[in-house]
Amino acid sequence: YESNIEALNKYVATSIHGETFSSSLTNALYRTRLLQGVVGSVTLTNDACFDGLNTGIADQLQQTARLIRKRDGLQANRDAFYTDIGGFDTHSDNGPALTALLKQIDDAIGCFKNEMVSQGIWDNVTVRY
């Protein structure tokens, strides 16, 4: 679809709204290609740690670690990343469910911390939850 979207957006529109939308969409495609080119083949020191967890939060923190690893290629001096995990609205069986969710977070942050230490930047990272 990418080439079709670009072809549709190569013509100048008479509406400023159309031009703004077209420009934003084209820029998004460019940034997606840039990210894929820079981050697409990154391997981390602790990939096995993340992969062994097989959770959504671990996958998000692994991708965050990849972006941080390639920060120079992305020309990033300072970034903020957002990850999330759902499932806390349990209504029943709160103890075991909460324990399992907190373990997922703890394990994923442990892998993330180890990766940031191996990259030598853990002292420059803030994790807020």
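How many disulfides does a search of the whole structure find? The search finds one disulfide, a term for a pair of cysteine sulfur atoms within 2.5 Å. The structure is a predicted model, in which local features need pLDDT of at least 70, side-chain atom pairs count only at pLDDT 80 or more, and totals for chains, interfaces and linings use all residues. Residues are numbered from 1 along each chain as its sequence is written, and side-chain values use heavy atoms, with hydrogens and water left out.

**View 1. The disulfide of Cys49 and Cys111.** The sulfur atoms of Cys49 and Cys111 lie 1.9 Å apart. The torsion about their S-S bond is about -70 degrees, so the disulfide is left-handed. Because Cys49 belongs to helix α3 (residues 47-53) and Cys111 to helix α5 (residues 94-118), the pair ties together parts that are 62 residues apart in sequence. Helices are DSSP runs of H or I with at least four residues, numbered from the N terminus. Cys49 is partly exposed, at a relative accessible area of 30%, whereas Cys111 is buried, at 2%. Buried means under 20% relative accessible area, exposed over 50%, and partly exposed in between (1.4 Å probe, protein chains only).

**View 2. Helix α5 and the residue that follows.** Helix α5 has 25 residues and reaches 36 Å from its first C-alpha to its last, close to the 36 Å expected at 1.5 Å a residue; the expected span is 1.5 Å times one less than the number of residues. The buried residues of α5 are Leu101, Ile105, Ala108, Cys111, Phe112, Glu115 and Met116. Their cover includes α3 and α4. Gly120, which follows α5, has a positive phi near 75 degrees.

**View 3. Gln62 in helix α4.** Gln62 is placed in helix α4 (residues 56-69) and counts as buried at 4% relative accessibility. A polar contact of 3.2 Å joins the side chains of Gln62 and Asp51. Such a contact is a pair of N or O atoms within 3.5 Å; within protein, one must be able to donate a hydrogen and the other to accept it, and residues adjacent in sequence count only if both atoms are side-chain atoms. Leaving aside residues up to four places away in sequence, Gln62 touches Leu44, Asp47, Phe50 and Asp51, where contact means heavy atoms within 4.5 Å.

How values were computed:
Helix = DSSP H or I, 4+ residues; strand = E, 2+ residues; numbered from the N terminus.
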